[in-house]
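Subject: Structure handover

Hello,

Here is the structure for your files. My notes on it follow below.

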Amino acid sequence: REPLRRPKLEQLADCGINGGLVFGPEMADWSHLDLPNLQMTFIVNGETRIERKGGHPTDDPIAGAVALANMMRAGGGVKVGQIVTTGSWTGLPFLKPGDRCVVRFEKLGEAEIMFVG
């Protein structure tokens, strides 16, 4: 019921208390984006809860993806079609059933989801 009260190792084993992953279409022309300074807006039920430039926990999400790819070389590397997530830009905002959430990334688009109970 209170995920943040769980022991840190249990939270980590639960993928950082990740309830799911929303992803969109592949974007081939992304290298021109200034990812560490990308504008992000997080809206819940029409109310902006987070709006900022940057905000990724490592500043640049590409660094984590490169580190992962390098670590996976010995095991055959990252495979075509595999999805690699590099961390949250919003932290851990907990939502409840019925909440409608929109996340917008400058020059990338937006994702919208409604949580059901």
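Contact here means heavy atoms within 4.5 Å. On that basis, and not counting residues up to four places away in sequence, H56 touches P61, T86, G87, S88 and W89.

Some conventions before the rest. This is a predicted model, in which local features need pLDDT of at least 70 and side-chain atom pairs count only at pLDDT 80 or more, while totals for chains, interfaces and linings use all residues. Residues are numbered from 1 along each chain as its sequence is written, and side-chain values use heavy atoms, with hydrogens and water left out.

Overall layout

The chain has 2 helices and 4 strands, and from the N terminus on the order is α-β-β-α-β-β. Helices (H or I, at least four residues) and strands (E, at least two) are DSSP runs, numbered from the N terminus. The C-alpha trace spans about 45 × 35 × 25 Å along its principal axes. Among contacts in the chain with a separation of 6 or more, 53% are between residues 24 or more positions apart.

Of the 117 residues, 19% count as buried; buried means under 20% relative accessible area, exposed over 50%, and partly exposed in between (1.4 Å probe, protein chains only). The accessible surface comes to about 8700 Å², of which 56% belongs to carbon and sulfur atoms. That area comes from the Shrake-Rupley method with a 1.4 Å probe. The chain carries 13 positive and 14 negative charges, and their mean positions are 5 Å apart. Lys and Arg count as positive and Asp and Glu as negative, with His and the chain ends not counted; each charge is placed at NZ of Lys, CZ of Arg, CG of Asp or CD of Glu.

Core

The largest nonpolar core has 10 residues: L33, L35, L38, M40, F42, V44, I50, W89, C101 and V103. The elements that give two or more residues to this core are β1 (39–44) and β3 (100–105), and β1 gives the most, with 3 residues. A nonpolar core is a set of buried Ala, Val, Leu, Ile, Met, Phe, Trp, Tyr and Cys residues joined through side-chain atoms within 4.5 Å. In soluble globular proteins, nonpolar side chains tend to be buried together. Leaving aside neighbours within four places in sequence, F42 is in contact with residues including I50, C101 and V103, as well as P93 and L95.

Two buried loop residues

H56 lies in the loop between β2 (47–53) and α2. It counts as buried because its relative accessible area is 4%. The side chain of H56 makes a polar contact with the side chain of T58 (2.9 Å), and a polar atom of the H56 side chain lies 2.7 Å from the backbone oxygen of T86. A polar contact is a pair of N or O atoms within 3.5 Å; within protein, one must be able to donate a hydrogen and the other to accept it, and residues adjacent in sequence count only if both atoms are side-chain atoms.

D99 sits in the loop between α2 (61–72) and β3. With 4% relative accessibility, D99 is buried. Its side chain makes a polar contact with the side chain of N45 (2.8 Å), and the backbone nitrogen of K96 lies 2.8 Å from a polar atom of the D99 side chain. Not counting residues up to four places away in sequence, D99 touches V44, N45, I113, M114 and F115.

Helix α2

A63 is in helix α2 and counts as partly exposed because its relative accessibility is 46%. A63 and T86 are 23 residues apart in sequence and 8.8 Å apart in space, C-alpha to C-alpha.

Regards
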